[in-house]
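Me: I'd like to walk through this model with you and learn how to read its features. Can we take it piece by piece?

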Amino acid sequence: SASSAELPVLGRDVRVPVLSGELPYAALDYAASAPALQRVWDDVAAYLPYYGSVHRGAGYLSQLSTELFEASRATVAAFLGCRDGDQVVFTRSTTDSLNLLAAVLPAGTRVFVFETEHHAALLPWERRPDVTVTYLDAPRSPREAVGVLEAALATRGDDGPALVCVTGASNVTGEVWPVRELAAAAHRHGARIALDAAQLAPHRPVSVTDLGVDWVAFSGHKLYAPFGAGVLAGRADWLTEAEPYLAGGGASRTVARRAGGGIDVAWHTSAARHEAGSPNVVGAHAIASACKALTEAGFGALVAREERLLGRLREGLAAIPAVTVLSLFGEDSDRVGVLSFTVAGQDSSAFARELSARYGIGVRDGLFCAHPLVRTLLGTDRDEPAGCHEPADGVPAGSPLHAIRVSFGAGTPEEHIERFLTAV
Ligand code: PMP
């Protein structure tokens with residue numbers, strides 16, 4: 001029902017100072033970090049008195065925390081439609097998850113990544129000197145994305161390990177990528193595929209089985225849970241064959257002095273292999289709570305509500321001639337509740353600050369950690385050195401060097417969208 005899609009979030013009563021006094025805060029920066037669900041707060045608060053160290057103590061509360069941590073893993077596995085044998089590793093964030101995946105790639109892996117990716121999906125692979133990375137040009141339609149990938153994979157010419165990493169939904173344009181088709185293309189060429197679902201998972205169902213991807217990564221703080229926890233889920237083999245991401249307690253099964261010097265270590269082969277140290281049980285529990293809440297509300301109802309708000313937002317912006325909405329795939333592309341735009345003759349940074357100072361609206365401006373993509377969309381020099389936050393020398397006044405992003409989701413009232421349109 002429409003009402004179950006409301007999913008109450010925290011912070012709705014927060015009032016912020018504006019030039020004329022005070023206003024209720026309009027959080028329109030969900031793509032950076034979404035407010036936590038009331039349900040997540042309730043579940044975390046109910047657990048905190050029972051807080052104990054996971055996998056370590058014999059005491060009752062330690063046992064309880066360990067059970068809760070492992071139950072959270074099972075909830076996330078179900079939420080992501082994991083296959084038998086898949087692993088769910090709790091990480092710190094999407095960035096951490098993709099760096100973990102980069103760390104476990106077999107030597108010699110060829111990585112294929114679109115230049116349009118968020119830096120978290122664009123950069124980790126370069127850090128492996130024994131891995132080669134191919135950057136793919138920005139496609140101008142979902143169909144072209146599949147074609148560009150197919151063509152690049154066709155040149156591979158060997159059957160060594162290969163990985164494609166793609167976003168599910170852009171953190172800049174909100175546009176949804178053809179993940180299922182890209183996964184099929186990757187597999188046709190013997191490559192594996194990882195999905196950066198940081199922006200897709202809060203808005204659409206993400207099932208590794210249905211999409212046919214090998215791994216999926218997302219962050220708790222964009223999925224209505226707090227900061228500090230994320231997930232990498234998917235095929236176990238590369239994760240189990242590689243050295244642990246961090247060395248330490250929890251990842252090691254047995255450690256013994258070797259006769260004649262040195263240390264022998266047997267590492268766990270479960271997800272614990274990459275979770276050394278005391279795990280973030282509160283973060284894992286919060287993510288699991290959010291997964292349950294989203295599943296119970298139903299993505300059908302959530303998507304219907306979000307599309308209504310997005311339709312109103314797009315229609316409102318289209319009626320303002322100075323506004324240009326950024327799009328890679330064109331007008332009719334499928335989008336989640338994330339949209340970036342520029343305003344003719346306006347500095348995006350100053351504009352975003354005005355939205356806050358006068359109207360109590362929180363948006364983001366800049367290049368959104370996706371510099372190559374935003375430069376492509378803005379048509380600015382891709383080698384522009386200072387385009388992130390400062391206007392560079394020689395750039396005409398009023399040139400959009402960066403954009404403004406508005407993003408929303410569960411719990412966003414229509415009033416926030418209306419206030420935003422009035423303000424713009
Ligand atoms: N990928 C995408 C598509 C994102 O939007 C973000 C966050 N902006 C990330 C990865 C990185 O997420 P985190 O900052 O939580 O590591």
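Predicted model: local features only at pLDDT ≥ 70, side-chain atom pairs only at ≥ 80, totals over all residues.

Me: Okay, then which loop holds Tyr224?

Reply: The one between strand 9 (215-219) and strand 10 (230-234). Look at its backbone too: most residues other than glycine have a negative phi. Tyr224 isn't a glycine, yet its phi is positive, about 65 degrees.

Me: Is Tyr224 buried or exposed?

Reply: Count C-beta atoms within 10 Å: 20 or more others means buried, 12 or fewer means exposed, and in between is partly exposed. Tyr224 has 29 such neighbours, so it counts as buried.

Me: And what about phi at His55?

Reply: Positive again, near 60 degrees, in a residue other than glycine. His55 sits in the loop between helix 1 (38-47) and helix 2 (60-79). It counts as partly exposed because it has 16 C-beta neighbours inside 10 Å.

Me: Let's do strand pairing. How do strand 1 and strand 2 run?

Reply: For pairing, look for at least two bridges between the strands. Strand 1 (residues 15-18) and strand 2 (residues 21-24) run antiparallel and are joined by four bridges.

Me: Now the big picture. Into which domains is the protein divided?

Reply: Domain 1 is 3-36 + 298-423, and domain 2 is 41-296. Their centres, taken over C-alpha atoms, are 28 Å apart. At the contact, 34 residues of domain 1 meet 31 residues of domain 2.

Me: Which element gives the most to the side of domain 1 that touches domain 2?

Reply: Helix 12, with four residues. Helix 10 (299-318), strand 14 (338-343) and helix 12 (371-378) each supply at least two residues there. Sort that side of domain 1 by class and you get 22 nonpolar, eight polar and four charged residues.

Me: Last stop, the ligand. Which residues come nearest?

Reply: Ser93, Thr95, Asn171, Ala198 and Ser219, out of 14 residues around the ligand. Helix 3 (94-104) and helix 4 (119-122) each bring at least two residues to that shell. By class, the shell has five nonpolar, eight polar and one charged.

How values were computed: Residues numbered from 1 in each chain as written. Near = placed C-beta within 6 Å. Nonpolar A, V, L, I, M, F, W, Y, C, P; charged D, E, K, R; others polar. Domains from an automatic or database assignment. Contact = placed C-beta atoms within 7 Å.
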